[in-house]
Every structure is written in structure tokens, then in C-alpha cells.
Amino acid sequence: MIAKVRIVYHITAFSWYAFIIKSLAAKDGEKLPPGIFEYGGPWKYLTFLNLLLQMVFFGMAVVNDLQTGKNTVKGLNKWKDLIFSVLAFPVGMFVVLLFWVIFSYDRQLVYPESLDAFFPLWMNHAMHTVVMPILLGEILLQHHVYPKTKNGLAALGVVGLAYMGWVIFIYLAVGLWVYPLLGLLNTSGVLGLFLLNMTVVTIMYLLGRTLNNCVWGKGKTVTKNK
């Protein structure tokens, strides 16, 4: 029974993210506020990259659920677990947490009111809220084998540095920060914010591992997490 529920869950989640990404892609042809999709389009926003990441993960989960060959399943499941533990869960949770913290403080720094006319309320929540319960549901329905903590955090750090480099590259190329908040900070402030963000996403990684162990038992992953 749980296997059938898992398949339906994975198919539903994949379809949901595919629908959201398609809806966002359709906005690219509309007259949006200046700078929104300038240079890099939606690919410069962590929110959009996270949606792609979630769609890829759940797509892999669907394929894994439907595979029958033992060796194929084992290999795909290994990559699926790696993407979930190192990227999908910590990055997804980070996007939700950071967005709503900044939004609550001053929405102009992350999601100006001018965007409300282009992205309806449901789409905002689809990008920045629904991600969290879907990830928590995945924790409850599927056990994931985590890599050694130092390896997982190292991989997460590389991804974080790559995205920071992408954001800085865009600023150097066109003189615009991807996020208005960065424009209020000096160089030290930008670096400090990045370190803070990496600390938070690291905590999200450890949270995912802890929840996974609490739900499914530490014995299944203890040898991987030392």
C-alpha cells in the first residue's frame, strides 16, 4: 500500500512542479517590471532554480518507482538519495525560510509589490511555501540514505559558491544585483550575508538528516553518516 501511495505522491509532486515552471516560463513574454528577467532570465533566481531542482528530483523518484531491474533501481536510487539529501531538501527549505523572513521584514527587498500584478498570490505560495510541506511529506514516505556528513556539506558548499559566483557575475556584467537586498550592502556585508546563508542551509541539511533518522531509524544510515 505504501508503495502505491509513494508513486502517486511522486507523480503528483513532479506534475505540480512542471506546471509551476511552465506557468513561470509563460511570463517571460509579458511586460514585467524592469530588471526582473533582464540578463539571465529566471535562471538567476534561486527560487526558479529550486523549482527545477525539485522537479528533477521528483522526476527521478517517479522513474525509480517504476523501474523493475534491481541493478538499475539501485544505481538510480543512489543518485536520487544524493540529490535529495544534499540539494533538494536543504535548498528547498532554505528558499522557503529565507524568503518569508525577508518578506516579513521588508518585502521590497525580495518581492516588491509591483510583482503582485504579474504573479498572483497562489503562484507566490507555490514558489515559496508549498515546497516545504512537499519535502516534509517526502521524508515521511521515503527513506533516504545520506552521504557522510563532511562529503554532503562539501558538495553543498560547492553548489553555494557556484551560485554566489553566478550572482556576482551578473552584477559585474550589467550592474544589477539579482536581489535588491544586496544593493544595500558593501562588499563585507555581501560576504557576511553569504556566510550567514551557508550557515542556514547547512542547518537545513542537518535537519533533513535528523528527520530522516527520526522517521526511519538511525540504524539504516548510521554507517553513511559518520
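**Close-ups of a predicted model**

**View A. Helix α6 buries Thr149, Gly152, Leu156, Gly157, Gly160, Tyr163, Met164, Val167 and Ile170.** Here, buried means under 20% relative accessible area, exposed means over 50%, and partly exposed is what falls in between, using a 1.4 Å probe and protein chains only. This is a predicted model, so to speak of a local feature takes pLDDT of at least 70 and side-chain atom pairs count only at pLDDT 80 or more, while totals for chains, interfaces and linings use all residues. Residues are numbered from 1 along each chain as its sequence is written, and side-chain values use heavy atoms, with hydrogens and water left out. Helix α6 covers residues 149-174. Helices here are DSSP runs (H or I, at least four residues; strands are E, at least two), numbered from the N terminus. With 26 residues, α6 spans 38 Å from its first C-alpha to its last, close to the 38 Å expected at 1.5 Å a residue. That expected span is 1.5 Å times one less than the number of residues in the helix.

**View B. Helix α7 takes in residues 187-216.** This helix has 30 residues and reaches 44 Å between its first and last C-alpha atoms, close to the expected 44 Å. Zoom in on the start of α7 and you'll find a side-chain oxygen of Asn186 within 3.2 Å of the backbone nitrogen of Ser188. The buried residues of α7 include Val190, Leu193, Phe194, Met198, Val201, Met204 and Tyr205. Among the others on that buried list are Asn197, Arg209, Asn212 and Asn213. After α7 comes Gly217, with a positive phi near 95°.

**View C. Ser85 sits in helix α3, residues 70-106.** Ser85 counts as buried because its relative accessibility is 0%. What does the Ser85 side chain have by way of backbone oxygens? One of its polar atoms lies 2.9 Å from the backbone oxygen of Asp81, and a polar atom of the Ser85 side chain also lies 3.2 Å from the backbone oxygen of Leu82. Both are listed as polar contacts: pairs of N or O atoms within 3.5 Å where, within protein, one must be able to donate a hydrogen and the other to accept it, and residues adjacent in sequence count only if both atoms are side-chain atoms. Setting aside neighbours within four places in sequence, Ser85 is in contact with Pro90, Tyr146, Pro147 and Tyr205. Contact means heavy atoms within 4.5 Å. Cys214 is 129 residues from Ser85 along the chain, and their C-alpha atoms are 15 Å apart.

**View D. Lys80 pairs with Asp81, and Arg107 pairs with Asp116.** Side chains of opposite charge can pair when their charged atoms come close. The cut-off for a salt bridge is a side-chain nitrogen of Lys or Arg within 4 Å of a carboxyl oxygen of Asp or Glu, and by this rule the count is 2. For Lys80 and Asp81, the closest N and O atoms are 3.6 Å apart. Lys80 is buried at 0% relative accessibility, and Asp81 is buried too, at 3%. The Arg107 and Asp116 side chains meet at 2.9 Å, N to O. Arg107 is buried, with a relative accessible area of 17%, whereas Asp116 is partly exposed at 40%.

**View E. Leu51 is part of helix α2, residues 46-66.** Is Leu51 buried or exposed? Leu51 is buried, because its relative accessibility is 0%. Apart from neighbours within four places in sequence, Leu51 is in contact with Tyr17, Ile20, Ile21, Leu24, Ala126 and Met127. Val145 is 94 residues away along the chain, with 22 Å between its C-alpha and that of Leu51.

**View F. His125 belongs to helix α4, residues 121-128.** This histidine counts as partly exposed because its relative accessibility is 30%. Beyond its neighbours within four places in sequence, His125 is in contact with Trp100 and Val130. Pro112 is 13 residues from His125 in sequence and 15 Å from it in space, C-alpha to C-alpha.

**View G. Met1, Ile2 and Val5 make a nonpolar surface patch.** Together they have about 320 Å² of accessible area, worked out by the Shrake-Rupley method with a 1.4 Å probe, and for residues only the protein chains shown count as cover. Patches take residues with over 30% relative accessible area and no salt bridge; nonpolar side chains (Val, Leu, Ile, Met, Phe, Trp, Tyr) are joined within 5 Å and like charges within 9 Å. Ile2 lies in helix α1, residues 2-26, and is partly exposed at 45% relative accessibility. Val62 is 60 residues from Ile2 along the chain, with their C-alpha atoms 14 Å apart.
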